[in-house]
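Here is a briefing on one structure, grouped by topic. Have the sequence and the 3D view open as you read.

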Amino acid sequence: MRFPDEIRLAPDEFRLLRDLINQHCGISLSPEQRPVIERRLRERLSVHGLHSFGEYYQLLRSPDRGRAELDEALDLVTINETYFYREDYQLTALRTELFPMLRRPPLSRESLSIWSAGCSTGEEVYSIAITAKEAGLSGRRDLRIFGSDISRRCVAHARRGVYGSSSFRAIPLDLKRKYFIEKPDGMHVQDDLRAWCHFGHLNLLDPVRASVVGRVDIIFCRNVLIYFDDASRRRVIDMFYDRLLPGGFLLLGHSESLLNVSTAFELVHLRDDLVYRKPITTSRFAPQGLEGGAHGSGKP
């Protein structure tokens, strides 16, 4: 009998696992990642008393336990590195340019809804909330922020709202002092900030589940699509287009673009960034989509 640390992930087994993960959530794993996947998933074999990755693949495909175990596997293979005020130039653009554009004619939104797609452990969502506070937005009726992630572990962390020192490497010190409370187990997000923020487990390739987000004014999807294959990337962008209200904005990571992915969006040049906007006039939605009350009532 082989010990768990002696079990190897053969190339054919890797291809089976890779294709299953890709079909489920769009993430594309390269052959160079096989040793990493082997190391990260090996503990799951031990948990279930399995002797090969082939047996583990069969478990993932089983109708009774496969879905729950696939969630466990995705928690282990996905990358969840993030921190507060990452790519802060976009947060500056949000405060000084995007919020004003959405709240004046022709849009004149009375309330705003923002979706952080692929929010990891929640730092991006709370950074957006801080930015909104600093922009003068107040009260739960002004703003709703929804964060989603494929990792249930990350969603649970985000809901808890407690962070260690590594999450604060980029946030200005005055904002850290203003919006967080230090306790023995870490820095806690203040309750009034948390009131704006909701979190849920969501697979971006599941359009039915994505409908719980409702219609939104802004989507942040930064450094997420780089892990998707081309076909899955197009599916996600089409879904974002449908979720956005006319005139709404899509913000991607600094190394990402919609080149060769979609021509449905308008490219908007801001002072220090480029963002994508759903055209204000579009035949895909009825005119009432421009009204401030058109945001959906979906809950996480």
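**Helix packing around H4**

Helix H2 (residues 34-48) packs against H4 at an angle of about 145 degrees, and their axes lie 9 Å apart. The model is predicted: local features need pLDDT of at least 70, side-chain atom pairs count only at pLDDT 80 or more, and totals for chains, interfaces and linings use all residues. Residues are numbered from 1 along each chain as its sequence is written, and side-chain values use heavy atoms, with hydrogens and water left out.

- Helices (H or I, at least four residues) and strands (E, at least two) are DSSP runs, numbered from the N terminus.
- Axes are lines fitted to C-alpha atoms, for helices over the stretch in contact, and angles run from 0 to 180 degrees between N-to-C directions.
- The crossing of H2 past H4 is right-handed. A crossing is right-handed if the near helix is turned clockwise from the far one by less than a right angle, and left-handed if anticlockwise.
- On the H2 side, Ile37, Arg40, Leu41, Glu43, Arg44 and His48 meet Glu69, Glu72, Ala73, Leu76 and Val77 of H4. Contact means heavy atoms within 4.5 Å.
- The residues of this H2 and H4 contact divide into 5 nonpolar, 1 polar and 5 charged. Ala, Val, Leu, Ile, Met, Phe, Trp, Tyr, Cys and Pro count as nonpolar, Asp, Glu, Lys and Arg as charged, and the others, Gly among them, as polar.
- H3 and helix H4 (residues 66-77) pack at an angle of about 120 degrees, with axes 6 Å apart. H3 is therefore oblique to H4. Angles under 35 degrees count as roughly parallel, over 145 as roughly antiparallel, 65 to 115 as roughly perpendicular and the rest as oblique.
- Tyr56, Leu59 and Leu60 of H3 meet Gly66, Glu69, Leu70 and Ala73 of H4. The contact of H3 with H4 has 5 nonpolar residues, 1 polar and 1 charged.

**Tyr56**

- Tyr56 sits in helix H3 (residues 53-61).
- Is Tyr56 buried or exposed? Tyr56 is buried, because its relative accessibility is 0%. Buried means under 20% relative accessible area, exposed over 50%, and partly exposed in between (1.4 Å probe, protein chains only).
- Not counting residues up to four places away in sequence, Tyr56 touches Leu17, Leu41, Arg44, Leu45, Leu50, Glu69 and Ala73.
- Tyr56 and Thr263 are 207 residues apart along the chain, and their C-alpha atoms are separated by 41 Å.

**Helices H5 and H6**

- Helix H5 (residues 88-103) and helix H6 (residues 123-134) pack at an angle of about 45 degrees, with axes 9 Å apart. The two are therefore oblique to each other.
- H5 passes H6 in a right-handed crossing.
- Leu91, Leu94, Arg95 and Phe99 of H5 make the contact with Ser127, Ile128, Thr131, Ala132 and Glu134 of H6. Those residues divide into 5 nonpolar, 2 polar and 2 charged.

**The loop between H4 and H5**

- Thr82 lies in this loop. Thr82 is buried, at 13% relative accessible area.
- Beyond four places in sequence, Thr82 touches Ser120, Thr121, Glu123 and Arg169.
- Arg86 is also in the loop between H4 and H5. Arg86 is partly exposed, with a relative accessible area of 26%.
- Arg86 touches Glu81, Arg222 and Asn223, not counting residues up to four places away in sequence.
- Glu87 belongs to the loop between H4 and H5 and is buried, with a relative accessible area of 13%.

**Backbone points to check**

- Most residues other than glycine have a negative phi, and most peptide bonds are trans.
- Glu87 is not a glycine, yet has a positive phi of about 50 degrees.
- Asn260 is not a glycine either, and has a positive phi of about 65 degrees. Asn260 counts as exposed, at 66% relative accessibility.
- Pro105 and Pro106 are joined by a cis peptide bond, with omega about 10 degrees.

**Confidence**

- The protein averages a pLDDT of 90, and 91% of the residues score at least 70. pLDDT is the predictor's confidence in each residue, from 0 to 100.
- Over residues 284-300, pLDDT stays under 50. For that stretch the model has 33 contacts beyond four places in sequence.
- Where pLDDT is low, the predicted coordinates should not be read in detail.
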